[in-house]
Amino acid sequence: MDNAVEEKFKIVVGLEVHVQLLTKTKLFCGCSTKFGLAPNSSTCPVCIGMPGVLPVMNKHAFELAMKAALAINCTIATYTKWDRKNYYYPDLPKNFQISQYDLPFSSEGHLEIETSQGTRKIGIFRAHLEEDAGKSMHDESGGGSDSKVDLNRTGTPLLEIVSKPDIRSGEEARLYLEELKLLLKELEISDCEMQEGSLRCDANVNIHITMPDGTIAATPIVEVKNLNSFRAVEKSIKYEAQRQYDQFQKDGKVYRGLG
Ligand SMILES: [Zn+2]
């Protein structure tokens, strides 16, 4: 993207990062979280959601989550609770995920990054705990006729860190992720192995365009999911911002005026 185009709009990005916590066992049962075990060998009635089971929280997962929340300058809640996020999916046998909705255990943090323009403070809405779902494996070579489900990952503890829409470029997004990874690895909270799914990132992207009359038009927010490297995050934000600008030029619609 050339600079002349970039000046015509402001990029607005918020990142949702999921990190797998470095525990030996899952969030609500004693099954191993070790990567690469034989499919469905690390499961039990609790993590596959059999009726009548009693989930018991993993204390170490909570301690690691707390350590991470403090490292990103979050305020720790005096009261927190779990919620059930209901959805049907083949890799979620109990049809709900245990997560935190309106009362996360931590909120209102920030992370500082060093950019070419100096230090930037990126706000963080919240960091909350939740359990992971399983994994669907689709047989691409067999013409997509065969799909299998591996529930080893079901119930693995995740920390979800949601940034405020303070990120202004693909480069800033990459710097934020690099800083976060450094912190989480150094404090031994997560191994942050992206290829093993220990760190996953979704980017919410839109742009603000200054109109000739001085008002600001905002394009609809697009969520770019399942980005598998920091470079992919950086590139996809650049691409998505330009695509939204081109689309805006084409249809000329003001989706949401910001005054
Ligand atoms: Zn289990």
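Me: At what angle do the axes of helix α3 and α4 cross?
Reply: Quick heads-up: this is a predicted model, where local features need pLDDT of at least 70, side-chain atom pairs count only at pLDDT 80 or more, and totals for chains, interfaces and linings use all residues. Residues are numbered from 1 along each chain as its sequence is written, and side-chain values use heavy atoms, with hydrogens and water left out. Axes here are lines fitted to C-alpha atoms, for helices over the stretch in contact, with angles from 0 to 180 degrees between N-to-C directions. For α3 (residues 170–186) and α4, the axes come within 7 Å and the crossing angle is roughly 155°.

Me: Which residues of α4 make the contact with α3?
Reply: Contact means heavy atoms within 4.5 Å. On the α3 side, the list is Gly170, Glu171, Ala173, Arg174, Leu177, Glu178 and Lys181. From α4 come Phe230, Arg231, Val233, Glu234 and Ile237.

Me: How many residues does helix α4 have?
Reply: Helix α4 reaches 32 Å from its first C-alpha to its last, close to the 32 Å expected at 1.5 Å a residue. That expected span is 1.5 Å times one less than the number of residues. Running over residues 230–251, α4 has 22 residues.

Me: Is Met66 buried or partly exposed, and at what relative accessible area?
Reply: Met66 sits in helix α2 (residues 59–71). Buried means under 20% relative accessible area, exposed over 50%, and partly exposed in between (1.4 Å probe, protein chains only). Met66 therefore counts as partly exposed, its relative accessible area being 23%.

How values were computed
Helices (H or I, at least four residues) and strands (E, at least two) are DSSP runs, numbered from the N terminus.
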